[in-house]
Amino acid sequence: MRYRSEQFVFRRSAAGGGFTLIEVVAAVLILSGILATTMVVMNHCVCAAIDLRSHERAVELARENLETLLTSVKVKDRLEYGFDELNPGVQWQLAVEPFYEPISNRMWIRAVSSAEYTDSKGEVRTVELQHWLTGLTADQIKQI
């Protein structure tokens with residue numbers, strides 16, 4: 001006599017060949033989790049790209065202002081400020097200040113060019129470039 005083991009096989013009926021409700025809910029939850037994660041990552045990437053572009057423009061603007069000052073024929077004590085024409089969210093400032101060195105009593109000039117912008121988190125970021133002019137002649141000091 002042969003013994004047969006009974007195998008329990010769950011078979012779907014021919015009429016009900018679809019997914020069960022639990023399978024559909026699980027699939028929707030998995031897809032929504034994947035989509036939400038993808039959207040968060042894309043949002044961070046876009047914000048980082050916008051912040052990088054604003055930072056690049058602020059550095060470019062500060063450098064342009066400082067180069068304009070350094071190529072000018074006369075340098076005088078001044079303070080200028082304004083907004084960027086291409087990106088109104090970036091504002092700039094250019095300051096030229098004379099200093100006398102305390103030891104030798106020689107005149108130095110400090111030029112500070114800065115640009116500010118607001119990043120995607122709402123924090124104000126500042127880029128600042130400085131340049132010192134030293135070894136001025138007596139004629140140059142008289143012009144200032």
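Visitor: Which class does Arg78 fall into, by its relative accessibility: buried, partly exposed or exposed?
Guide: Buried means under 20% relative accessible area, exposed means over 50%, and partly exposed lies in between, with a 1.4 Å probe and protein chains only. Arg78 has 25% relative accessibility, so this residue counts as partly exposed.

Visitor: What kind of model is this?
Guide: Residues are numbered from 1 along each chain as its sequence is written, and side-chain values use heavy atoms, with hydrogens and water left out. Local features need pLDDT of at least 70, side-chain atom pairs count only at pLDDT 80 or more, and totals for chains, interfaces and linings use all residues, because the model is predicted.

Visitor: How many salt bridges does a search of the whole structure find?
Guide: Searching the whole structure gives a total of nine.

Visitor: Where do Arg53 and Glu56 lie?
Guide: Helices are DSSP runs of H or I with at least four residues, strands are runs of E with at least two, and both are numbered from the N terminus. Arg53 is partly exposed at 47% relative accessible area, and Glu56 is partly exposed at 40%. The two sit three residues apart, about one turn of the helix, and both belong to helix α1.

Visitor: What pattern does the chain follow, read along the sequence?
Guide: The chain has two helices and four strands. Helix α1 covers residues 21–71, strand β2 covers residues 91–100, and strand β3 covers residues 107–118. Taken in sequence order, the pattern is α-β-β-β-β-α.

Visitor: Which residues are linked with Arg57 in a network of salt bridges?
Guide: Arg57 is found in helix α1 and is buried, with a relative accessible area of 7%. Its side chain meets that of Glu64 in a salt bridge of 4.0 Å, N to O, and also makes a polar contact of 2.9 Å with the side chain of Glu60. A polar contact is a pair of N or O atoms within 3.5 Å; within protein, one must be able to donate a hydrogen and the other to accept it, and residues adjacent in sequence count only if both atoms are side-chain atoms. The residues linked with Arg57 in the network are Glu60, Glu64 and Asp84.

Visitor: How far is the backbone oxygen of Ala62 from a polar atom of the side chain of Ser113?
Guide: Ser113 is in strand β3 and counts as buried at 0% relative accessibility. Contact means heavy atoms within 4.5 Å, and beyond four places in sequence Ser113 touches residues including Ala62, Asn65 and Leu66. The distance from the Ala62 backbone oxygen to the polar side-chain atom of Ser113 is 2.7 Å.

Visitor: What separates the C-alpha atoms of Val96 and Asp77?
Guide: Val96 lies in strand β2 and counts as buried at 1% relative accessibility. Among its contacts beyond four places in sequence are Leu69, Asp77 and Ile109. Val96 and Asp77 are 19 residues apart along the chain, and their C-alpha atoms are separated by 5.1 Å.

Visitor: Why is the sulfur of Cys47 too far for a bond with the closest cysteine sulfur?
Guide: A disulfide is a covalent bond between the sulfur atoms of two cysteines. The cut-off for a disulfide is a pair of cysteine sulfur atoms within 2.5 Å, and a search of the whole structure finds zero. The sulfur of Cys47 is too far for a bond because its distance to the closest cysteine sulfur, in Cys45, is 9.5 Å.

Visitor: What share of the 144 residues in the chain is buried?
Guide: Arg57, Ser113 and Val96 all count as buried. For the chain, buried residues make up 19%.
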